[in-house]
Structure formats: structure tokens, C-alpha cells
Amino acid sequence: MYRKKLWPRLALAAVIAFTLPLTAQINGKIHGHVNDPEGVPLVNGTVSLFPNGMASATAEPKYTFTTNADGNYKGDNIAPGSYTVIYRNPDTPKGKVVDQADNVKVEANGDTEQNFDMSRPEYLSKLTPEQRKAIEEARQKNAKILKENAQIKNLNGDLAKARQDDDNKNFADAETLMQRDVALMPDAPVLWVELGMAQRGLKQWSDCVTSLQKGIALDTAGKKPHPDLQGAANDAMGECYGSEGKIPEAEAAYDAAAKANPSKAGMYYQNETIILARNGQTDATVTAADKAIAADPTRPIPYYLKGQALINKATVDPKTQKIVAPPGCEEAYQKYLQLDPNGQFANDAKQVLAEMGQTQESSYKASKKKH
């Protein structure tokens with residue numbers, strides 16, 4: 001009886017002992033950041049884990065992870081234990097080590113942080129004097145670049161504000177801001193041009209020309225001149241010269257704008273036509289209008305200004321008492337009305353044509369405006 005009762009109990013105990021080892025082991029994780037002595041993240045390097053004391057030139061790592069574009073790495077499913085962690089660059093020769101950390105503990109269900117900061121004193125102390133000197137020079141160079149980048153970021157913000165001030169006709173604010181910035185970075189062409197734009201708004205014609213010339217000279221001396229900047233600067237300079245009554249200088253500036261940026265020649269020559277018309281330069285206005293029309297025949301304003309300049313040379317037929325316009329005058333007015341039948345000068349153009357005794361076209365089809 002005793003033996004019969006004991007056997008089932010022993011069998012149950014055996015089953016329990018057999019099932020215990022089936023419990024799953026919980027592993028850990030590791031992560032970190034790698035940078036060189038200059039503080040630059042190291043990309044595509046390998047971080048390898050060896051069981052403590054087993055790292056050697058020929059040993060194979062138990063785990064290996066790769067650094068990403070930010071110099072970070074991470075790995076999981078690592079058996080708990082103590083490891084030697086080694087970092088190598090992609091071009092590190094076999095058997096060589098860039099950096100190493102011993103006794104790095106990975107705990108079950110934990111996430112160990114192991115960084116490789118090669119700017120730390122312990123790492124630098126192992127380098128040769130020549131290597132430390134090169135690193136220090138690189139640090140100073142990088143610090144200068146970072147400072148310049150920060151300055152450029154601030155200046156770009158100032159440029160955006162100055163342009164907004166110009167749009168809002170706050171020219172004095174824009175001028176003050178750009179005066180400060182050209183003092184900080186006197187070799188930046190765009191700052192001088194933007195200063196000139198603000199001075200143009202303030203009608204400081206001479207100062208405007210000086211600033212714009214400075215910007216153009218700096219940009220021309222650069223490795224790659226900027227057509228948009230040089231075109232805009234010469235265009236603004238043409239207005240400044242024209243506002244001072246310096247007609248030959250204004251004409252030269254507009255020609256330079258068109259040469260620098262041919263894609264906007266029609267706009268530049270239209271601006272020249274406007275400035276010359278304001279100055280009462282009849283012949284020069286016609287010449288500028290013809291250049292504008294040749295560059296972009298879809299702009300209506302040059303046709304109107306050409307007609308207006310030519311009508312000043314009109315005579316009166318003594319027999320009919322009708323206005324006799326010079327060649328090209330009627331065609332210029334008609335073309336203006338064709339391109340912009342409801343434009344701001346449409347009524348004036350129609351009246352002039354009527355006074356000339358010419359039969360007007362019965363209708364003018366509207367076309368897309370381009371100013």
C-alpha cells in the first residue's frame with residue numbers, strides 16, 4: 001500500500017522538473033552615438049560586441065551594428081552579460097581598433113547606452129602631438145564655419161525683413177538694417193544691392209548708385225555671377241540715374257541689366273522707356289520703346305509710350321487742319337489698344353487716334369496683360 005501511494009507523487013515531481021527549463025530568456029538592448037575628435041558624427045562604422053576578454057584581431061564578434069547618417073547605432077536581442085565593445089570605421093584595417101570600451105554590461109530587459117566620444121581627454125591623450133595639433137586646427141576651422149553659418153542665417157532673416165519693409169514702403173527701416181549688415185559682412189553682394197534698393201525708395205539717388213555699384217562689382221568678382229542680382233541692380237541704378245537727369249548713364253545701366261539677364265530684357269527696357277518719357281527725352285523714349293518691343297512684343301506700355309513720344313512730333317495739315325503723325329505713331333497706339341483695350345491709357349489712345357482723323361478699329365480683343 002505504501003509503495004502504491006508514493007509512485008504517483010514521484011512521477012508528478014519529475015514532470016515539474018522537466019518543464020522548468022522551458023522558460024524563455026529575456027535579452028537586452030544597446031544604443032549610442034559615435035563621433036570623431038572634431039565632434040563630427042561617424043557614418044557607416046561598425047560597433048561590435050565581444051564577450052569580455054574575448055576581443056582579439058582574429059575573434060569574431062557576437063553582435064555587430066552599423067552607425068547611421070547621424071552617427072547613431074542601436075541593437076537588440078543581446079544576451080545579458082558583460083562585453084567588450086569595439087568601434088571601427090568602414091576603412092579600418094582588420095585587427096585594428098578605432099575606439100574600445102570594456103566591461104559594458106547588458107542587462108535583461110534593459111537598454112545600455114554606450115557612446116564613443118573621441119573628443120574626450122582620455123582618447124586624445126593617446127594620440128601623437130601632430131594628431132592633436134591637426135585636430136585642434138580642424139576644430140577652430142569648424143568653429144569659424146559654424147559661426148559664419150549662424151551669421152548667414154541671421155543675415156538671410158534680415159534680407160527677408162528688408163524686402164518686406166520695401167514692399168510696405170518702410171524704406172528707412174530697410175536702409176538701417178542693411179547698413180548694419182553690410183558692416184558685418186562687407187563682401188556680400190546681395191546686401192549692398194538690397195541697401196541700394198532701400199536708398200532708391202528714400203530717393204537717395206547718389207547713395208543708391210554707390211551701393212548698387214558695390215554690389216555689382218562684388219558679384220562680378222565672384223566665382224559665379226548671378227544674372228538676376230546684376231539685372232535687378234542695373235535696372236534700379238538706371239532709375240536712380242534717370243531721377244538725377246543723368247540720361248546717358250541711365251541708358252547704359254538699362255543696357256547692362258538686359259545684357260546681364262536677357263530673360264528679363266523686356267521689363268528692363270520698359271522701365272527705361274518710362275524713365276526717359278518722364279524726363280521728356282522724346283527720341284530716346286522711342287529708341288528705348290523699340291528695344292522693349294523687340295525684347296518682348298507682348299508688353300502694351302512700350303507701344304503707348306512710343307506713340308506718345310511720336311505724337312509730340314506731329315504736324316498739322318494746313319489744308320485739312322488734321323493732325324499728321326510721324327510714321328509709326330498710329331501703329332503704336334493701335335497695338336497698345338489691341339494688347340490692352342481696357343488699359344489705363346486706352347481712352348487717351350482712342351482720343352489721339354480720333355484727333356488724327358484716322359478710322360479706329362471697331363473693336364479691340366482683350367489679350368493677356370503683361371506689365
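Tutor: Let's go through the ring pairs and their surroundings.

Tutor: This is a predicted model, where local features need pLDDT of at least 70, side-chain atom pairs count only at pLDDT 80 or more, and totals for chains, interfaces and linings use all residues. Residues are numbered from 1 along each chain as its sequence is written, and side-chain values use heavy atoms, with hydrogens and water left out.

Student: How many aromatic pairs does the structure hold?

Tutor: Six. Rings of Phe, Tyr and Trp (its six-membered ring) pair if their centres lie within 6.5 Å; planes under 30 degrees apart are stacked, over 60 edge-to-face, the rest tilted.

Student: What kind of pair do Y63 and Y83 make?

Tutor: Edge-to-face, because the planes sit at 70°, with ring centres 6.1 Å apart. Y63 is in strand β3 (residues 63-66) and Y83 in strand β5 (residues 81-88), so the pair ties together parts 20 residues apart in sequence. Helices (H or I, at least four residues) and strands (E, at least two) are DSSP runs, numbered from the N terminus.

Student: Is Y83 buried or exposed?

Tutor: Buried, with a relative accessible area of 3%. Buried means under 20% relative accessible area, exposed over 50%, partly exposed in between (1.4 Å probe, protein chains only). Y63 is buried too, at 16%.

Student: OK, helices now. Which helices hold Y304 and Y333?

Tutor: Y304 lies in helix α11 (residues 300-311) and Y333 in helix α12 (residues 329-339). Both are buried. Ring pairs link Y304, Y333, Y336 and F345 into a cluster.

Student: And where is K350?

Tutor: In helix α13 (residues 346-355). K350 is partly exposed, at 31%. The C-alpha atoms of K350 and Y333 are separated by 7.9 Å.
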